[in-house]
Amino acid sequence: MSFSFTQWKTGTSANAYEFFGCHPDGQDTVFRVWAPGAENLYVTGSFCGWDPCRYPMQETEPGLFCLTIPGISQYDVYKYVRMTADGQPVFKSDPFAFHAETAPANASKVYAMGNHAWGDGKWMSRRSPDGPLNLYQLHAGAFRTYAGGEPLNYCKLGEELASYLKKLGCTHADFLPLLEYMDPESWGRKTTGFFAITSRYGVPDDFRQMVDVLHQAEIGAVMDWCPAGFPADDFGLADFAGGPYWEAGGQEGDFRFFDFRRPEVQSFLLSSACRLFEVFHLDGLRVAGTAQIAQRPGGREFLETLAAAVRRDFPSAFLIGGPECGAFSFREDPESAWRIMDMAAGKPGELPRAEPGRILELEAEEMRRESLIGRMPGSYDEKFARLRAGTACFRLFPGSKLSMMGNELAQFSAWQPYHELDWLLLDYELHRKFLYLLRSLNDFAQKSAAVRAEHPGSYRPLSLNAGAGIVGYIRQDEAGSQIFVLANFTENPAERLTIGVDRRGKYAELFNTDEAQYGGEGRSSGVNFAKLRPADGKPYCIEVNLPPFTTVYLYKSAGAKRPAKPV
């Protein structure tokens, strides 16, 4: 699809990056920038000793400034310059730059993408925007580091993640924002370069290589994307042409919201998102700040336009957003995830409602405050028992899942953007066994038709009448086979817990978080065959023994092949 200036000015352009920015063309390099209201603009950089007035641009259309310069090389640094009324130069980075200096430096870099030979054709032809998903959220610089403490580059990170996530049983890697940013404490959420993959871990072609490696290992690639606004840096979009244009009136601290009423702003952001799908083969975007965007004038319309553009141009990709994003593929639901984990930690509560199209999230912001196991009360052993029980109850609850890196290690410390995960914890038995439990759960969930099912009747909560802290639900596949998920989040055993059932026959224990291989004491639920005794309005019943801080899965076949027990 060729660039249309008409679409740009009507807010429907999704490929403006093909026109704007810096484009090497043989021996020449073409610069184009959108700066309505600017009286004069110049291009400067390392190729002219940063002379601010050496290369004046021409305004070829109202707001459109262009210039062609010969003899510029890959990786040369540059900026745009405008002159104030008193003749002072103001240096601005290119809003459409494809590459940039590594922070704290902030100049744009000339960069022509290479001809990457993609090897992910099989993945791209089979991928789907449907769930369920199991996303592993990570900070690219704090997953693993080299021996000297430097973060892995994109290529090495891709190799490490492909192997690790395959074994862990995750479907996708979800990267915290990787578009260029300055403030390391923002974890990438304050974007300064909406078309530039951050140079902290390599060049854009390295990022493509990472995605390709993940896809060939059948692991999807998702990125958090932050289109609400931008920081008010002097080199950035703020007052770009001498006054507000990209930004709406008002700001929060050093953050300025985009003016979503402007068609060119919508085209700018649509193009940023679609370039990530087109050029980098991303499978999804987790759109941050959707509640704030929806409250801004024109914001809700922008979110709807974004969803329509992605459905049209990338129908096998998906978007994740808040509940205000009804047209997105998935809706974020951190509340339900934390309700289950809070119950495991001993807080009173009930299981959340099950709704389609949700992603239950245990995500970075909460994990930055306190780790999952750090929230569990009690002794060292009790913390692990609670975490095992909560994780098993959470994993089979309806909906896609997102969990921040480090949770799988039962890492006590909150994650740090400057420090790799505490991999040394795997030298300790309970941490090692918890990782094994999570791998077993993920493998089981991927292979179980009852867990993947989303038809009416695929989920039913149980009324156990056993007091606070003892909960359960049923997952059922289309053939009628059932998995009973029963959780005891209390310190006391629940003995001979009676549950009414519709069918007689064997109810086999598939999984028990108290098994010794997961770090427990090896106590069984003791259930086997249903009894011909009415309970809870059902003609039969089973009796279950639930050890303290334990979740068990029971299986009742409808005649189909029994699912493999997690090992």
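Colleague: In the open sheet of four strands, what is the order of the strands?

Modeller: The model is predicted, so local features need pLDDT of at least 70 and side-chain atom pairs count only at pLDDT 80 or more, whereas totals for chains, interfaces and linings use all residues. Residues are numbered from 1 along each chain as its sequence is written, and side-chain values use heavy atoms, with hydrogens and water left out. Strands are DSSP runs (E, at least two residues) and helices likewise (H or I, at least four), numbered from the N terminus; two strands pair if DSSP finds at least two bridges between them. With antiparallel pairing, the order is β1-β2-β6-β5.

Colleague: Which are the edge strands?

Modeller: An edge strand of this sheet pairs on one side only. Neighbouring strands are turned by 30° against each other on average, direction ignored. The edge strands are β1 (21-25) and β5 (58-61).

Colleague: How many bridges join β2 to β6?

Modeller: Strand β2 (residues 28-34) and strand β6 (residues 64-70) run antiparallel. T29 has I69 in β6 as its bridge partner. The number of bridges joining β2 to β6 is seven.

Colleague: Which residue in β7 is the bridge partner of T44?

Modeller: Strand β3 (residues 42-45) is joined to β7 (residues 77-83) by four bridges, and the two run antiparallel. The bridge partner of T44 in β7 is K79.

Colleague: Are α8 and α10 roughly parallel or roughly antiparallel?

Modeller: Axes are lines fitted to C-alpha atoms over the stretch in contact, with angles from 0 to 180 degrees between N-to-C directions. The axes of α8 (residues 334-344) and α10 (residues 380-396) come within 8 Å and cross at roughly 150°. Because angles over 145 degrees count as roughly antiparallel, α8 is to α10 roughly antiparallel.

Colleague: Which residues in α10 do A337, I340, M341 and A344 meet?

Modeller: These four residues belong to α8. Contact means heavy atoms within 4.5 Å.

Colleague: Why does F330 count as buried?

Modeller: F330 is found in strand β19 (residues 330-333). Leaving aside neighbours within four places in sequence, its contacts include P129, L133, F318 and S400. F330 counts as buried because its relative accessibility is 5%.

Note on methods:
Angles under 35 degrees count as roughly parallel, over 145 as roughly antiparallel, 65 to 115 as roughly perpendicular and the rest as oblique. Buried means under 20% relative accessible area, exposed over 50%, partly exposed in between (1.4 Å probe, protein chains only).
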